[in-house]
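Biologist: Before we start, please show me the model. I would like to learn how to read a few of its features.

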Amino acid sequence: MKKARKAKEMFRDEASGLGNPSVYHAVIVIFLEFFAWGLLTGPMITVLGETFINHTLLMNGLIQGVKGFLSFLSAPLIGALSDVWGRKSFLLLSVFFTCLPIPLLRVSPGWYFAVYSMSGIFSVTFSVVFAYVADITNENERSTAYGLVSATFAASFVISPALGAFLSAKCGDGVVVLLATCIAAVDILFILIVVP
């Protein structure tokens, strides 16, 4: 309880956002980031098939493997650095670099897959969000808060691939990529302006 109160006071002193730190800030950040990525499920599969015609599954495995391995290596370091330099700055860094490849899907598929793989270094939004939640909640509230964050992540992935496929069929992949880019930009602005 003392730790949560101390963290809330620390956030209040350094706050540059709106209001007091809340689990809902973390929920919105997670929802927007993974909603944007979920929209890209269909277009990404299409571009993957067009770019690596004879080795689609192999390249998908390599790209996802590199990203996952880099996330595995960087999560403890980024978590430790966010202890020192603050959760908000590393939340912003993580979301920015995780979402950076999104517009490249239409601009240059080769660069998209290269940047997507390397973005694994910063693709640790969950680690930073869970640390943020731990800082602002009491111990008896923490499991509920973690459950809410995890449920929000799941909900974003239930809704967005279907919506992305629908929009892709009606309006084309370009519209879906533009929408995902806009949602990622809103997420970054939300962290900059609203998250304390």
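This is a predicted model: local features need pLDDT of at least 70, side-chain atom pairs count only at pLDDT 80 or more; totals for chains, interfaces and linings use all residues.

Modeller: Residues are numbered from 1 along each chain as its sequence is written, and side-chain values use heavy atoms, with hydrogens and water left out.

Biologist: How many salt bridges does the structure hold?

Modeller: Side chains of opposite charge can pair when their charged atoms come close. The cut-off for a salt bridge is a side-chain nitrogen of Lys or Arg within 4 Å of a carboxyl oxygen of Asp or Glu. The structure holds two. Asp83 meets Arg87 at 2.6 Å, N to O, and Asp135 bridges to Arg87 with the closest N and O atoms 2.7 Å apart. Shared partners join Asp83, Arg87 and Asp135 into one network.

Biologist: Which of Asp135 and Arg87 are buried?

Modeller: Buried means under 20% relative accessible area, exposed over 50%, and partly exposed in between (1.4 Å probe, protein chains only). Both Asp135 and Arg87 are buried, Arg87 at 10%. Asp83 is exposed at 52%.

Biologist: What are the buried residues of helix α7?

Modeller: Helices are DSSP runs (H or I, at least four residues), numbered from the N terminus. In α7, residues 109-118, the buried ones are Tyr112, Phe113, Val115, Tyr116 and Ser117.

Biologist: Is Leu18 buried or exposed?

Modeller: Leu18 is exposed, with a relative accessible area of 51%. Its place is in the loop between α1 (2-14) and α2 (23-39).

Methods. Helices (H or I, at least four residues) and strands (E, at least two) are DSSP runs, numbered from the N terminus.
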